[in-house]
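Colleague: I would like to learn how to read a two-chain model feature by feature, moving from the general idea to the particular case. Could we work through one together?

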Amino acid sequence: MRGLSAVVLLCLLAAGCVGTAEEAGPAGVSSAVSTPPSGELTPTDVAFVELAIPQNESALAAAQLTLKRSGSNPSLLALAQQVDSGYRAELERLNGVLTAAGLTRSDQHDGHDMPGMITALELEALDKAQGKAFDDQMGAAFRAHLQESLTVAQSELSAGTAKPVLELGADIERTRTELLGRLGAP
Amino acid sequence: MTHVLPPSNFKRWRVRIAVLSAVVVAGSAVTVNAIFAATAPPPPDLLSKGKAVTASSIEGGSFAANRAVDGDTGSRWSSAFQDPQWIQVDLGSDATISKVVLNWERAHAKDFTLQTSADGAKWATVATVADSRGGVETVDVSASGRYVKLHATKRSSQYGVSLWEFEVYGKAGAVSGPTTPPAPTGSSSAAQSTTAAPTTTTTTTSSAAPGTTTGSPTVPTQKPIPPNAVRVAEFVAECGFSHRLPDDPIVFPKLAGASHLHTFFGNTSTDAHSDTDSLMAADTKCNPVEDKTAYWTPTVLVDGQPVDPPTSTFYYLGEGVNDEVTKQIQPIPPGLRIIAGNAKATSAEGTRTRWDCNGANVAPSSDFVSCPAGAKLQSYLDFPQCWDGKNLDSADHKSHMAYPVHPGVCPPTHPVPLPKIRQVVNFPISGVDASRIKLSSGPGYTYHMDFMNGWPAAEMERRVRDCINRIVKCGHNGNP
């Protein structure tokens with residue numbers, strides 16, 4: 001089971017086009033750092049997309065692990081199901097935004113222990129938990145992820161500029177609010 | 001065995017030896033001193049305590065040179081980990097010097113000389129010690145001068161040389177028959193220190209053994225450098241803790257709350273929305289107040305609770321490149337962002353952060369260490385100092401900067417040498433097992449420090465020109 005989640009992460013990384021920094025077209029000194037690195041995306045838009053991708057991937061791996069536990073709490077299973085399908089579609093859109101802007105995804109946050117990420121290490125620990133303990137811990141991990149994802153989406157909505165990214169931000173804000181409601185209070 | 005060897009051409013010493021020749025045991029300084037005590041009743045005074053002191057280098061902010069003359073045997077000066085090193089004290093006025101007591105830390109000098117000077121520029125070797133065993137070492141001398149220098153040529157270990165106390169004993173005041181050149185007066189003082197020694201006629205009366213002076217690099221003239229200036233390319237900013245936020249204006253610009261928790265130093269306004277203009281318009285907790293730079297690290301947590309250090313010290317250094325490159329170092333451009341360390345390191349390997357304890361001998365580590373009660377957890381981290389000359393930031397926030405390459409030069413891809421920023425942070429964490437300490441970014445080896453330049457261009461330029469390019473140690477005010 002532990003091996004499985006690692007495989008899931010690896011596959012996601014491979015599919016996520018790990019790219020190099022140089023391709024992002026750094027700004028010249030004279031034009032300062034606030035210049036959009038490429039296309040119509042501002043640094044804020046790019047930072048949001050590049051954070052949302054690994055956040056989604058980590059939650060997707062957690063959803064996969066949950067779905068393997070057929071004995072889990074039905075509401076947790078339903079949440080995992082919703083994450084599994086919804087996040088895959090979001091990831092396509094997120095990666096599509098970068099591609100459209102001529103950017104290759106940077107791997108700067110992959111595997112990084114950041115708020116909103118359910119890390120491989122956490123998944124390993126979750127994999128060892130059984131019964132109610134698993135449900136409680138996985139529920140807490142999803143809640144932390146959803147709250148951070150919501151925070152970042154709201155920041156993008158207030159500071160971002162590119163239309164497709166703002167649309168993603170709005171969808172993420174809506175779905176995370178809904179998923180948090182489904183998960184209920186801790 | 002410690003061998004104390006007075007220089008053979010030491011006239012004053014020889015005169016006294018001659019007077020006492022019948023009873024002096026060759027090489028036994030203690031015997032000589034005992035006889036002096038009997039014939040010259042007043043015991044020597046401790047002349048060095050609390051006096052101005054400078055050194056070739058320091059291991060970090062908590063090992064400042066003045067710790068060796070503070071009368072506190074619990075604090076110490078410790079040098080960088082290389083040979084040679086020196087420490088010198090300015091007694092404030094000319095004095096007769098009868099002994100020097102060296103209270104060594106375990107990392108001591110194996111071979112060293114003691115030198116005196118009237119002006120801080122020309123030095124006479126008054127004792128040569130080979131194969132020292134450290135401990136508390138008393139070296140009896142018969143010398144005079146205002147400045148006393150310990151010049152360590154060989155260390156006892158891979159660490160630097162370190163002194164709990166550096167004590168100079170003797171009698172203050174004018175001395176008859178000086179054994180070191182008299183101090184030049186007035187404006188000639190500064191000029192003399194920057195010109196070649198052979199032009200000074202007083203050297204003919206000096207008792208200095210040939211070839212024993214410490215080779216301070218010759219400096220281009222124009223701006224006077226004080227005679228006692230320390231020839232280390234450095235200026236410094238000490239920046240107080242300001243606040244915590246889960247923001248990162250470099251990695252997540254304008255994305256409030258997107259980051260792990262950061263501890264901010266210096267600029268008091270730093271948040272996700274910060275840019276150069278907002279920093280320059282805000283207040284700072286830095287000394288000097290001209291430095292409005294935003295500096296931040298992941299927050300250190302003990303048992304999950306944030307523990308913030310009161311300040312962080314930032315040394316802007318000319319080291320890391322060879323002296324020729326140091327003279328070419330350029331001011332850090334306005335708007336430059338730099339990140340040192342790796343927030344997503346997955347192991348201690350290859351990380352540049354060093355953790356150790358200020359006040360205890362604990363082996364430095366890339367990860368947290370357990371510091372005993374009374375010793376503080378301390379971090380060191382050097383920023384990359386070679387700039388690509390074009391970009392103030394880059395998509396991965398690293399590619400526009402690089403570390404120097406052999407032989408102390410900037411690589412062709414990053415040809416512009418900038419001052420190296422070294423951060424030293426002391427955390428109020430003592431007697432805490434390392435297993436209880438975490439960073440908001442993960443284990444100790446994920447430590448990093450971010451820099452968003454907030455120096456006014458003119459202030460930066462002045463400091464680089466006067467301190468770094470000339471290889472002169474400057475204080476917070478950017479003056480030698």
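Modeller: Let us begin with burial in chain B of this predicted model, where buried residues make up 55% of the 480 residues.

Colleague: How many helices and strands does chain B have?

Modeller: Chain B has 6 helices and 25 strands. Among its contacts between residues at least 6 apart in sequence, 75% join residues at least 24 apart.

Colleague: Let us turn to the disulfides; how many does a search of the whole structure find?

Modeller: A disulfide is a covalent bond between the sulfur atoms of two cysteines. In this model, a search of the whole structure finds 4 disulfides over all chains. When the bonded cysteines of chain B are numbered in sequence order, the pairing reads 1-2, 3-4, 5-6, 7-8.

Colleague: How should I read the disulfide of B:Cys239 and B:Cys286, and which parts of the chain does the pair link?

Modeller: The sulfur atoms of B:Cys239 and B:Cys286 are 2.1 Å apart, and the link is right-handed, with 105 degrees about the S-S bond. This pair links distant parts of the chain, since B:Cys239 sits in strand β10 (residues 234-245) of chain B and B:Cys286 in strand β12 (residues 286-287) of chain B, 47 residues apart. B:Cys239 is buried, with a relative accessible area of 0%, and B:Cys286, at 4% relative accessibility, counts as buried too.

Colleague: Is the disulfide of B:Cys357 and B:Cys371 left-handed or right-handed?

Modeller: The disulfide of B:Cys357 and B:Cys371 is left-handed, because the torsion about its S-S bond is about -95 degrees; the sulfur atoms are 2.1 Å apart. B:Cys357 lies in strand β18 (residues 354-358) of chain B, while B:Cys371 lies in the loop between β18 and β19 (376-382) of chain B, so the pair ties together parts that are 14 residues apart in sequence. As for accessibility, B:Cys357 counts as buried at 2% and B:Cys371 counts as buried at 4%.

Colleague: What is the torsion about the S-S bond of B:Cys386 and B:Cys410, and are these cysteines buried or exposed?

Modeller: The torsion of B:Cys386 and B:Cys410 is about -80 degrees, so this disulfide is left-handed. The pair ties together parts that are 24 residues apart in sequence, because B:Cys386 lies in strand β20 (residues 386-387) of chain B and B:Cys410 in the loop between β21 (401-402) and β22 (416-417) of chain B. The sulfur atoms of B:Cys386 and B:Cys410 are 2.1 Å apart, and both cysteines are buried.

Colleague: Moving to chain A, at what angle do the axes of helix α5 and helix α6 cross?

Modeller: Two packed helices are described by the angle between their axes and the distance between the axes. For helix α5 (residues 131-159) and helix α6 (residues 163-183) of chain A, the axes come within 8 Å and cross at roughly 150 degrees. Angles over 145 degrees count as roughly antiparallel, and α5(A) and α6(A) are therefore roughly antiparallel to each other. Their crossing is left-handed.

Colleague: Which residues of α5(A) and α6(A) meet?

Modeller: Among them are A:Phe142, A:Leu146, A:Leu150 and A:Leu157 in α5(A), and A:Leu166, A:Ile172, A:Leu179 and A:Leu183 in α6(A). The residues of the whole contact of α5(A) with α6(A) divide into 12 nonpolar, 7 polar and 4 charged.

Colleague: How does helix α2 of chain A cross α6(A)?

Modeller: The axes of helix α2 (residues 43-68) of chain A and α6(A) come within 11 Å and cross at roughly 40 degrees, which means that α2(A) is oblique to α6(A). This crossing is left-handed. The contact is made by A:Asp45, A:Phe48, A:Val49 and A:Asn56 of α2(A) together with A:Val165, A:Gly169, A:Ile172 and A:Arg176 of α6(A), and its residues divide into 4 nonpolar, 2 polar and 2 charged.

How values were computed: Residues numbered from 1 in each chain as written. Chains lettered and ligands numbered in written order. Predicted model: local features only at pLDDT ≥ 70, side-chain atom pairs only at ≥ 80, totals over all residues. Heavy atoms only, no water. Disulfide = S-S within 2.5 Å. Helix = DSSP H or I, 4+ residues; strand = E, 2+ residues; numbered from the N terminus. Buried < 20%, exposed > 50% of the residue type's maximum accessible area, 1.4 Å probe, protein only. Axes fitted to C-alpha atoms, helices over the stretch in contact; angles between N-to-C directions. Parallel < 35°, antiparallel > 145°, perpendicular 65-115°, else oblique. Left-handed = near helix turned anticlockwise from the far one by under 90°. Contact = heavy atoms within 4.5 Å. Nonpolar A, V, L, I, M, F, W, Y, C, P; charged D, E, K, R; others polar.
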